[in-house]
Amino acid sequence: MNVVAVGLDLVDVARVEAMLERHGDRILRRLLSEGERSYCKSKAVPARHVAARIAAKEATYKAFSQAGTDEVLWWRDMEVVLDGQGRPSLELLDRAQACAAALEISSCLVSLSHSDTQAAAVVILQR
């Protein structure tokens with residue numbers, strides 16, 4: 001497999017905490033899938049996990065932009081899902097799925113990390 005593009009993003013957890021305090025569930029419904037919302041809300045500090053998912057979505061957008069698409073991707077065109085062992089993967093939906101097909105992307109790898117203050121994601125598109 002060949003690497004087509006890489007995206008990286010870093011999100012401040014305090015910024016996400018403030019956003020959640022101001023907008024609550026309304027912003028979560030706009031940014032995250034139902035599964036992502038449920039997962040994040042089940043955690044002791046939901047903002048860390050929301051921030052990691054925002055970082056993953058931004059990193060995905062950056063990777064697709066680098067790969068050459070002009071298509072606008074929306075927040076819910078991708079979803080971070082976890083396997084049975086808690087490893088994240090990225091499910092592409094709607095526009096993101098169509099872009100991947102047009103660019104002949106065969107896999108989309110994601111790595112997430114977070115601390116008390118920062119969340120980060122790296123996305124690699126492969127052909």
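Start by selecting Arg-95 in this predicted model: Arg-95 is partly exposed, with a relative accessible area of 33%. Arg-95 sits in helix α4 and Asp-77 in the loop between α3 and β2, so the bridge ties together parts 18 residues apart in sequence. Asp-77, at 3% relative accessibility, counts as buried.

Keep Asp-77 on screen and select Leu-92. Beyond its neighbours within four places in sequence, Leu-92 is in contact with Asp-77, and also with Thr-60, Phe-64, Met-78, Gln-97, Ala-100 and Cys-108.

Leu-92 leads you into the largest nonpolar core, which has 38 residues; Leu-92 is among those with the most contacts inside it, as are Val-16, Val-50, Phe-64, Leu-90, Val-123 and Leu-125. Colour α3 (46-67) next, one of the elements that supply at least two residues of this core. With 11 residues, α3 gives the most.

Show α1 alongside α3: their axes come within 10 Å and cross at roughly 75°, so the two helices are roughly perpendicular to each other. Residues of α1 including Val-16, Leu-20 and Leu-28 meet residues of α3, among them Val-50, Ala-51 and Ile-54. By class, this contact has 10 nonpolar, no polar and 3 charged residues.

Next, pick Lys-57 and Glu-36, whose side chains meet in a salt bridge (3.0 Å, N to O). Lys-57 lies in α3 and Glu-36 in α2, so parts 21 residues apart in sequence are tied together. Lys-57 is buried at 3% relative accessible area, and Glu-36 is buried at 1%.

Last stop: Lys-41 and Asp-25, joined by a salt bridge (2.8 Å, N to O). Lys-41 is partly exposed at 46%, and Asp-25 is partly exposed at 37%.

Key
Residues numbered from 1 in each chain as written. Predicted model: local features only at pLDDT ≥ 70, side-chain atom pairs only at ≥ 80, totals over all residues. Heavy atoms only, no water. Core = buried A, V, L, I, M, F, W, Y, C linked by side-chain atoms within 4.5 Å. Buried < 20%, exposed > 50% of the residue type's maximum accessible area, 1.4 Å probe, protein only. Helix = DSSP H or I, 4+ residues; strand = E, 2+ residues; numbered from the N terminus. Contact = heavy atoms within 4.5 Å. Axes fitted to C-alpha atoms, helices over the stretch in contact; angles between N-to-C directions. Parallel < 35°, antiparallel > 145°, perpendicular 65-115°, else oblique. Nonpolar A, V, L, I, M, F, W, Y, C, P; charged D, E, K, R; others polar. Salt bridge = Lys/Arg side-chain N within 4 Å of Asp/Glu carboxyl O.
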